[in-house]
Each structure stands twice: as C-alpha cells, then as structure tokens.
Amino acid sequence: MRYLFTIIVILSIALLSSCEKHDGEYFSTQKCEVRIDGINYIEQPKLGSAILGPVPTPSFTWCSDAHLDENGVYVEGLHEWFKFKTFCASKRGAKWVIAIEVSIFGIGSDDFEGKTIQFSFDSSLNNIDYNQYIDYCVTHEINYAIINFQEKMTLVNSGNFTISRMTKDAGTLHFCDGFFEFNFEIGGETYTAKGEFKSVPFIY
C-alpha cells in the first residue's frame with residue numbers, strides 16, 4: 001500500500017510539473033495561441049482532457065487516403081501527409097471561434113525540426129470549388145491550410161509554418177514547438193493570423 005501511495009505521489013508531481021495553473025484550474029502545457037487584428041485567441045486543454053481519452057487538439061496526426069471501397073475492401077492509400085489542427089477561443093475553456101487546419105506533404109517526421117514550410121494558393125485554380133481544390137492538393141501533394149474565422153471557411157492565400165523544436169518520447173509520440181503566419185481573405189477583407197504552439201503531440 002505504501003509503495004502504491006508513493007507511485008501515486010510521484011505521478012501527481014510529474015503531472016503538475018508539466019501543467020499550468022490559470023484561474024484556479026490546471027491546464028496542459030499543450031497549447032496554441034493565435035493573434036488576428038490585434039486580438040488574441042488560445043487553445044489549451046484542461047489537464048484531465050490531455051491525460052484521458054483521445055489526444056485533444058492542438059495536435060499533429062498522420063493521414064492517408066487509404067479507404068474501404070463500396071464492397072468493404074480495403075484500398076491502399078496513394079498519398080500520406082501530416083495534419084496540424086487547432087481550435088482557438090477568446091479565452092481558455094470557451095467555445096472556439098477560429099479553427100486552423102494545416103496539411104503538409106512530402107516530408108518525414110524526422111525532417112520537420114528547424115524547417116519552414118511555405119504555403120501558396122494556386123490562383124490558376126480559382127475556377128474550381130473548395131472541395132475540388134483540396135482533392136487537387138492531395139492528388140498532387142501540395143501543402144494547403146484552411147482557416148475557419150467569423151463562421152466562414154477559407155483557404156490560406158500564403159504563409160509559412162515552422163516546427164522550431166521537437167522532443168521524442170518512447171514509441172511514436174513526439175512533442176513539438178513552433179510558429180506560423182497565414183494570410184487569408186474573408187468577405188473581401190484581408191487578415192493575417194500569427195500563431196505559436198507548444199508541447200503539441202506529433203502522432204504517427
């Protein structure tokens with residue numbers, strides 16, 4: 001019993017040392033902060049949600065276009081990529097008001113650190129719709145980013161995304177820090193989203 005109590009105490013200390021306290025509540029160090037037009041937004045999961053259940057956003061995940069056909073037969077994917085997602089709110093714990101999804105092709109998980117990935121909307125494809133453009137990007141393995149802001153979804157016109165530091169844990173779970181800057185347009189207005197992320201799990 002004493003041995004079990006000691007283990008619980010050690011785990012509690014480890015968890016609390018890797019979290020932040022805000023307004024009397026504990027939050028994971030996993031977070032993303034975004035600034036648009038001088039207004040700050042944040043996503044930072046509560047400590048419990050970061051420990052239990054599926055890994056919450058912000059996070060990186062490995063993706064593939066593998067699928068089941070109409071007969072339920074597994075079809076190998078032709079393309080693989082990494083996807084970063086975050087859902088930021090005006091304050092911790094509030095409902096999200098800006099969502100950012102970044103898809104990155106042609107780079108291995110061990111090659112991310114220190115690299116800046118560029119994004120550029122192909123204006124020659126203005127005549128196709130949103131979903132067709134994403135299909136085109138996946139087929140041709142073109143990096144793209146999507147922003148949902150003011151309840152409207154749009155593709156990023158230009159920008160960059162950098163993982164500045166990556167730490168490796170056992171297995172296939174990594175954690176990374178980085179930053180990004182995206183230019184996008186909604187309703188004829190141009191915006192710039194500048195963000196930083198920290199301790200984001202990188203799962204593949």
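This report describes the fold, the model confidence and the aromatic contacts of a predicted protein chain.

## Basis of the model

The model is predicted, and local features are taken only where pLDDT is at least 70, side-chain atom pairs only at pLDDT 80 or more, while totals for chains, interfaces and linings use all residues. Residues are numbered from 1 along the chain as its sequence is written, and side-chain values use heavy atoms, with hydrogens and water left out.

The mean pLDDT (the predictor's confidence in each residue, from 0 to 100) is 83 for the chain, with 84% of its residues at 70 or more. Over residues 1-17, however, the pLDDT is below 50, and beyond near neighbours in sequence this stretch has three contacts (heavy atoms within 4.5 Å) in the model. Where pLDDT is low, the predicted coordinates should not be read in detail.

## Overall fold

The chain has three helices and 15 strands, which are DSSP runs numbered from the N terminus (helices H or I of at least four residues, strands E of at least two). Of the contacts between residues at least 6 apart in sequence, 55% join residues at least 24 apart.

Buried residues (under 20% relative accessible area, with over 50% counted as exposed and the range in between as partly exposed, for a 1.4 Å probe and protein chains only) make up 39% of the 204 residues. The accessible surface, from the Shrake-Rupley method with a 1.4 Å probe, comes to about 11900 Å², of which 53% belongs to carbon and sulfur atoms.

## Aromatic pairs around Phe 60

The structure holds 23 aromatic pairs, that is, rings of Phe, Tyr and Trp (its six-membered ring) with centres within 6.5 Å, called stacked for planes under 30 degrees apart, edge-to-face for over 60 and tilted for the rest. The pair of Phe 60 and Phe 161 is edge-to-face, because the ring centres are 5.8 Å apart and the planes stand at 80 degrees. Phe 60 belongs to strand E5 (residues 59-64) and Phe 161 to strand E13 (residues 158-168), so this pair ties together parts that are 101 residues apart in sequence.

Phe 60 also forms a stacked pair with Phe 202, at 4.8 Å centre to centre and with 25 degrees between the planes. This pair links strand E5 with strand E15 (residues 189-203), its partners being 142 residues apart. Phe 60 is buried, with a relative accessible area of 0%, and Phe 202 is likewise buried at 0%; Phe 161 is buried too.

## The aromatic cluster

Phe 60, Phe 161 and Phe 202 are among the members of one aromatic cluster, which also includes Phe 82, Phe 84, Phe 112, Phe 119, Phe 180, Phe 182 and Phe 197.
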